Amino acid sequence: MSDSTTNDTGPTTTPPAWWTTATVYQIYPRSFADSNGDGVGDLGGIRQRLGHLHDLGVDVIWLSPIYRSPQADNGYDISDYDDVDPLFGTLAEFDALTDEVHALGMKLVMDLVVNHTSDEHPWFVEARSSRDAPKRDWYLWRDPLPTGQGADAAGTPGAGSHPTAWRSAFSGPAWTLDEGTGQYYLHMFASKQPDLNWENPDLRRAVFDMMNRWLDRGVDGFRMDVINHIAKEPTSLAPGASHFVMGGQIHDHLREMHREVFAHRTGRELITVGEMPGVTVDDAKLFTAADRHELDMVFQFEHVGLDHGPASKFDNLPFDLVALKRSLSRWQEGLADQGWNSLYLGNHDQPRSVSRFGDDGRYRFESATLLATVLHLHRGTPYVYQGDEIGMTNAGFTSIEQYRDIESINWFDESVAAGADPEHLLEALRFRSRDNARTPVPWSGGAAAGFGTGTPWIELVANHDTVNVEADRAAGERSVFEHYRRLIALRHESPVVALGSFELLAPDDERLYAFTRTLGDEQLLVLANWSGEAYELDPALHPALRRRSVPQVVIGNVPGGAGLTLAPWEVRVLRS
Ligand code: GLC
């Protein structure tokens, strides 16, 4: 957190916040490294591999959830916020990890999942024990409607007794009847993930106390899971996302959180990022303006929704570069003077970025490094998802038995039951499933890929013999890791990368992603050929292309790249 503000000419009244030069690395613990041979990554594995992250030069590590959990949604269903799940290790190991991360000059950020708990959390166990339970109101309960006045389980209004026709993000209705007390509880995700009632002040107090305990323990901030879902419109649980995303109280809740958890921790460099499906540029300005004291930055979803068809996220549309440029540049402009962007192309919920936006075959190295360069040259805080720094690809699963993700499996089962062709569904999953990004990190060649000695909880991606950390780091000029390392260092060293203003060039070009970054009299020109064919630059694009002297290449992915021809998937950053 910081009180600083920046604009396109750099700092105004106070120095820029520390995270304007930082890069965050996301660890998905169960797939990172397994130290005890049970096939699931753990804290011991992370501790053994910290050198990899230190070499990469990242500033912050964000850990996906490691709390106690029945693992219905891989830890995003928490049954004890104050303990580490034995699957991952112990609190003592967590403390050791925190110390080691700090000793290496990095920070550690926890995932904060407080839109919902597990149904096995003692709060929910108590809440469902009776209608009069003291914690009953910590969750969202509704009476069944008289049959025929509510929705049915398929979401048809007027056909059942469900309080609304809301659907869970993981298929099926968002309401489940608690037989014991005869009321429905709300769950926007799985039925094992009941939503918390943020209107209840005691619940809010309990969450803030818990956050304070983690900060006291030494963690450096939080990535807040679906945090814009916490404020439901309490009076009208009517159908439609507008009632459960960004309810009226959301800004109040975040400001209260800031006051109760962060405000008094002056002198510490902390970071908060809120995951916010559906957030608009205007919302994000409010959430991230420094003087509003809500969040440092948000994860927006616009650019990762562009290839979703109308039917569902599994309705895959072809990639459209013009739409991507239009979207990302709107965010760059929108948050230029107020607020701050987070930058990402992949995470544990998205397909692998090189498979989705690049070419994961012939031009895997070139397109992985092009994507990284374009992203890291935007203004904002970049997030690197584990494995992207070596250009990992989608999983390539061909049977439903290979999948582990509750969202993918529920969608498959529901669609098969509705009569869909399983082969088509598998094809959609092959592109879109979250499991594409959840295969174990291959640290080396060989059968177990250096992940651990046990059978991994989910299969390794088939190309692990060639795409692995050891091979990539030994690849010299063709090391994706080395390219990421240079990009991260560039942000540390170069104020124009961190703070320069952004201007998109050639917005309608279907193959070229070009933009400038400007700070004072310094300017960088980014030229990216987003295609598998050579691209002829038009000298009219920018004066630097018309000069006799060859502009300095700050970073590129084709050795000796110069002149007006960009090789397939070539990216070049020029000092203009
Ligand atoms: C977020 C997480 C995702 C999880 C969901 C429910 O979107 O990133 O992995 O399934 O919230 O907690």
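The model is a predicted one, in which local features need pLDDT of at least 70 and side-chain atom pairs count only at pLDDT 80 or more, while totals for chains, interfaces and linings use all residues. Residues are numbered from 1 along each chain as its sequence is written, and side-chain values use heavy atoms, with hydrogens and water left out.

Around the ligand there are 14 residues, and those that come nearest are Asp-73, Asp-225, Glu-275, His-348 and Asp-349; here a residue is near a molecule if one of its heavy atoms lies within 4 Å of it. Sorted by class, this shell has 4 nonpolar, 3 polar and 7 charged residues, where Ala, Val, Leu, Ile, Met, Phe, Trp, Tyr, Cys and Pro count as nonpolar, Asp, Glu, Lys and Arg as charged, and the others, Gly among them, as polar. A polar side-chain atom of Asp-349 lies 2.5 Å from an oxygen atom of the ligand, and for Glu-275 the corresponding distance to a ligand oxygen atom is 2.9 Å. His-116 also has a polar side-chain atom 2.9 Å from an oxygen atom of the ligand. The protein covers 96% of the 310 Å² of accessible area that the ligand has on its own, an area that comes from the Shrake-Rupley method with a 1.4 Å probe.

Which space does the ligand take? It is the largest pocket, and a molecule is said to sit in a pocket if more than half of its atoms lie within 2 Å of its grid points. On a 1 Å grid over the protein atoms alone, a pocket is an open set of points with protein on both sides within 12 Å along at least five of seven lines, whereas a cavity is a set of points where a 1.4 Å probe fits but cannot get out, and lining residues have an atom within 4 Å of a point. The largest pocket holds about 1200 Å³ of space, a volume being the space filled by probe spheres set on the points, which are joined across faces, edges and corners. Its lining is made by 43 residues, with Ala-169, Phe-189, Pro-277, Lys-313 and Glu-407 nearest its centre, and it divides into 18 nonpolar, 14 polar and 11 charged residues. Helix α11 (residues 406-417) gives the most to this lining, with 3 residues; helices (H or I, at least four residues) and strands (E, at least two) are DSSP runs, numbered from the N terminus.

The largest cavity has a volume of about 150 Å³, and of the 16 residues that line it, Leu-345, Ser-353, Ala-372, Asp-388 and Tyr-484 are the closest to its centre. The lining of the largest cavity has 11 nonpolar, 4 polar and 1 charged residues, and α10 gives the most to it, with 5 residues.

The second largest cavity contains about 70 Å³ of space, and among the residues that line it are Gln-300, His-303, Trp-331 and Leu-375. Its lining divides into 5 nonpolar, 5 polar and no charged residues, and the largest share, 3 residues, comes from α8.

Key: Polar contact = N/O pair within 3.5 Å; in protein donor to acceptor, adjacent residues only side chain to side chain.
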